[in-house]
Amino acid sequence: MTDEGLLDAVRRAHGAAAFAQAAEVLAVRELYRRRAEQGVEFAAAEASMAVQISEAVAAGLIDIGIGLDRLPRIREAFVSGRIDLARAQVLVENVRDLPEELLADIEPTLIEVAERLPPARLRQTVRRWVARLDPAGERRRRERREGDRDVRIKAVQDGMAVFDGLLPAVGAQTVAMRLREMSLQVCQADPRTMPQRRADALVALADGSQRLRCACGRGKGCTAPESEPSRRPLIQIGVPAETLLGEGDAPAHLSGYGPIDAALVRRIAEYARFQVIPERIEDPTSPEESARPDPAQWQERDVRALDGMCRFPGCTMPSSESLLDHSVPFDAARRGTVLANLAVLCTRHHRLKAAADRGETSWRIHRVDADRLRWKSPTGDEHTTLREGERYLFPRTDIEAFDALWPCPASVSAPPHPSTVDLTYPIEHGAFVRPELASMTPENEPPGCLVIENPSR
Ligand SMILES: [Zn+2]
Ligand SMILES: [Zn+2]
């Protein structure tokens, strides 16, 4: 079988799996309807017994099935294998509070977007649109969920414990960024992986030492900084000026997480530092600036804000933790260092792009215009990413959003619903059979050099 044939087999198998998932969801949903009709409500327990899944997961599947009742086109896309369970779940969860008469208008757009975004990014995009349609509902949902915040230790085995928790997004992102910051404060010779350093850093935060001690064992030869460098802000939020001034309720972008509602961001703004990103019609780069291989300070600030996160399809690494890259390798005579040729890439995907620029892989990356970056995989799959941050900062550039279809902001009731199933497949994966697979994610990529790199050098 050729590589293309294999990838085609992956795609067909994925569609078949989605078809089977849909059949399971619809079957448990029907079981629930029958049991409810009979006045007994143990359908989840019954389903969990039948296939030995937890009752919570069974309840989640029933819940998705019920949600799909109001979304016939999305249900059809699920049944035909066009979208899988993870995506169906994201769509059901995020539009469930919108009024029925508006759903039919937006279903085709939702399906189309679901087909080309991985679940985590799909959730961000749909949340952004729903938050714009229904800012009050977004705020209500957040306030309701904040009551569920919790940190706990569960499942203890092999001398290890799972430290688990649900935090308000801003607090969680603050903890995540602090752990990452501490993980990068050891010297190059530290033998630990990034996941191990994050874990040690969390304990170091609690035991009073406040910083991660380097484990290189080189004593005086260690080059880890003795004193703390001046602190960068731990979290970054992109917010349209109208939202900040209270003249609009478009959502803001919490880097690394996704949309947060206007009321929350206005509260945070009381103790924030600001950088103003002007909306630019033309690129104001001077000829001297474009002839330099390294971006000017304002270019770096603008591109990080406009991109919002790593530009690789599906990657959510915040731009503050990523590198700047010349899409067409720097060459002062041709493209130079201009806004339309700069993009944010995390360390991992920067490495992929650099390898492609050097001709070491058959990945192809093409800068279509200032907004679009097209990725082509070795087997020919194409995916174009856009400047996500720009769509938050200047909401009218978010032309795909479907608020134009709506006569007025939707005002909806907020029924409580349990959030039981994981965002991806409803499985919990613990110890990997092949441990190296667990590290194949951007946040586990060991740090490269966190400076602007110029692939042409
Ligand atoms: Zn060291
Ligand atoms: Zn990335």
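Guide: Happy to! Let's start with Arg127, which counts as buried because its relative accessible area is 16%. One thing to keep in mind is that this is a predicted model.

Visitor: Okay, so which residue does Arg127 form a salt bridge with?
Guide: That would be Glu138, and the closest N and O atoms are 2.6 Å apart. Arg127 is in helix α7, while Glu138 belongs to helix α8 (residues 135-146), so the pair links distant parts of the chain, 11 residues apart.

Visitor: And is Glu138 buried or exposed?
Guide: Glu138 is buried, with a relative accessible area of 8%. Both residues also belong to a network of salt bridges that links Asp97, Arg127, Asp134, Glu138 and Arg141.

Visitor: How many salt bridges are there in the whole structure?
Guide: A search finds 47. Another one joins Asp261 to Arg142, with the closest N and O atoms 2.4 Å apart. Those two are 119 residues apart in the chain: Asp261 is in the loop between β5 (258-260) and α12 (262-268), and Arg142 is in helix α8. Both of them are buried.

Visitor: New topic: what coordinates the zinc ion?
Guide: Four cysteines do, through their SG atoms: Cys187, Cys214, Cys216 and Cys222, at 2.2 to 2.4 Å. Cys187 sits in the loop between α9 (169-183) and α10 (194-206), and Cys216 in the loop between α10 and β3 (237-238). Cys187 is buried at 5% relative accessibility, and Cys216 is buried at 18%.

Visitor: Nice. What about aromatic rings, how many pairs are there?
Guide: The count comes to two. One of them is Phe312 with Trp375, an edge-to-face pair at 4.9 Å centre to centre and 80 degrees between the planes. Phe312 lies in the loop between α14 (297-307) and β6 (323-326), and Trp375 is in strand β9 (residues 373-376).

Visitor: Which residues make up the aromatic cluster?
Guide: Phe312, Trp363 and Trp375 form it together. Phe312 and Trp375 are both buried.

Notes
Residues are numbered from 1 along each chain as its sequence is written. Chains are lettered from A and ligands numbered from 1 in the order in which they are written. This is a predicted model: local features need pLDDT of at least 70, side-chain atom pairs count only at pLDDT 80 or more; totals for chains, interfaces and linings use all residues. Side-chain values use heavy atoms; hydrogens and water are left out. Rings of Phe, Tyr and Trp (its six-membered ring) pair if their centres lie within 6.5 Å; planes under 30 degrees apart count as stacked, over 60 as edge-to-face and the rest as tilted. Helices (H or I, at least four residues) and strands (E, at least two) are DSSP runs, numbered from the N terminus. Buried means under 20% relative accessible area, exposed over 50%, partly exposed in between (1.4 Å probe, protein chains only). Donors are N, O and S atoms within 2.8 Å of the metal (3.2 Å for Na, K and Ca); water is not among the atoms, so sites may look incomplete. A salt bridge is a side-chain nitrogen of Lys or Arg within 4 Å of a carboxyl oxygen of Asp or Glu.
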